[in-house]
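This briefing goes through one protein model by topic. Please look over the sequence and the structure first.

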Amino acid sequence: MIGPSFLSRQADNGLLTCLRDFSVTHPAMPDPQEHFLDGPSLPTGVTRFWLVRHAIVEKTARQTMYGTLDVPLCPRHLSNQQPAYKALARRLPRQALWFSSPLQRARKTGLTIQKAGNFSAPMEIDPAFIEQSIGEWNGTPHDTFPALLKKPAPPFWSIAADERPPGGESMMDVRQRIGQALDSYAQQNTGQDMIVLSHGGAIRMALSHCLDIPVDTALRLCIQNLSLSIIEHIAGYWRVVAINELPDFQEFAE
């Protein structure tokens with residue numbers, strides 16, 4: 001005859017097995033309180049994005065609203081700013097996944113950094129990291145662009161956050177696009193470093209997503225060419241480590 005004590009032991013064993021299985025398939029979430037940064041270095045094992053804005057584009061393109069046009073980098077700046085590429089290569093983690101916008105100005109910037117630092121990692125192209133598409137307004141000269149707008153432009157961006165150009169997207173659309181990509185990659189690559197070559201508007205919207213701030217507020221941030229912004233995803237929360245960090249553009253003494 002099976003007594004109550006035997007049944008109780010069996011139930012306890014079954015509960016322990018279930019708890020063990022659950023702990024394997026559902027590991028404990030890290031505690032954000034354990035991730036304060038006091039020193040200059042960033043610890044490994046954290047889900048981290050290194051967002052790099054592309055270098056300066058060629059002179060003719062800079063006279064227009066080039067948006068998602070596939071304009072090349074400026075050869076003169078590419079040559080003169082080699083110290084900055086070397087500085088970025090030293091700053092970026094060696095063991096990281098690399099992603100880029102499909103536009104050549106982002107890809108070329110990434111490849112130049114990789115060459116400067118002897119990186120061998122493949123670079124995955126993802127349209128989620130492309131610049132705001134201004135559709136039919138692409139290529140419009142700066143001096144005639146304001147006449148196309150239906151709403152007043154904010155102080156530090158050329159288009160209102162909720163204005164969608166014909167055949168294009170609003171900055172709110174960009175925020176949603178890049179936010180979904182960041183959330184997805186954070187889940188897929190937990191605990192890994194990811195380097196993303198992107199654009200000024202897209203990086204602003206990444207920061208808008210991570211800080212949960214309005215698009216208009218994020219458009220007040222400055223994201224310069226070849227700047228680095230760093231964000232982390234810890235226990236379901238986003239944290240911003242750096243915004244618009246510039247490399248050393250001077251010669252580095254070996």
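Asparagine 118 lies in the loop that links α4 to β4 (123–125); helices here (H or I, at least four residues) and strands (E, at least two) are DSSP runs, numbered from the N terminus. The model is a predicted one, in which local features need pLDDT of at least 70, side-chain atom pairs count only at pLDDT 80 or more, and totals for chains, interfaces and linings use all residues. Residues are numbered from 1 along each chain as its sequence is written, and side-chain values use heavy atoms, with hydrogens and water left out.

**Loop residues with positive phi**

- Asparagine 118 is not a glycine, yet its phi is positive, near 55°.
- The relative accessibility of asparagine 118 is 65%, so this residue counts as exposed (exposed means over 50% relative accessible area, buried under 20%, partly exposed in between, with a 1.4 Å probe and protein chains only).
- Leucine 226, in the loop between α7 and β7, also is a non-glycine residue with positive phi, about 65°.
- Leucine 226 counts as buried, at 0% relative accessibility.

**Overall make-up**

- The protein has seven helices and eight strands.
- Buried residues make up 46% of its 254 residues.
- Among contacts (heavy atoms within 4.5 Å) with a separation of 6 or more, 72% join residues 24 or more positions apart.

**Nonpolar cores**

- A nonpolar core is a set of buried Ala, Val, Leu, Ile, Met, Phe, Trp, Tyr and Cys residues joined through side-chain atoms within 4.5 Å.
- The largest such core has 34 residues, and those touching the most other members are Phe49, Phe129, Leu182, Met205 and Ile231.
- Two or more residues of this core come from each of β1 (47–53), α5 (171–188), β6 (193–198), α6 (200–211) and α7 (215–218).
- The biggest share of this core, seven residues, is given by α5.
- Methionine 205 contacts Met171, Val174, Arg175, Ile178, Val215, Ala218 and Leu219, leaving aside neighbours within four places in sequence.

**Packing of α5 on α6**

- The axes of α5 and α6 are 8 Å apart and meet at an angle of about 70° (axes are lines fitted to C-alpha atoms, for helices over the stretch in contact, and angles run from 0 to 180 degrees between N-to-C directions).
- The two helices, α5 and α6, are therefore roughly perpendicular (65 to 115 degrees; under 35 is roughly parallel, over 145 roughly antiparallel, and the rest oblique).
- On the α5 side, the contact includes Met171, Val174, Arg175 and Ile178, and on the α6 side Gly201, Ala202, Met205 and Ala206 are among the residues met.

**Tryptophan 98**

- Tryptophan 98 sits in strand β3 (residues 97–100) and is buried, with a relative accessible area of 2%.
- The C-alpha atoms of tryptophan 98 and methionine 123 are 4.8 Å apart, although the two are 25 residues apart in sequence.
- Beyond four places in sequence, the residues that tryptophan 98 touches include Leu92, Ile113, Phe119, Met123 and Ile195.

- Serine 170, in the loop between β5 (140–141) and α5, is buried at 2% relative accessible area.
- Apart from neighbours within four places in sequence, serine 170 contacts Gln132, Ala161, Asp162, Glu163 and Arg164.
- In helix α3 (residues 82–91), Pro83, Ala84, Tyr85, Ala87, Leu88 and Ala89 are buried.
- The cover over these α3 residues includes β1, α2 (75–80), α4 (104–117) and β7 (228–234).
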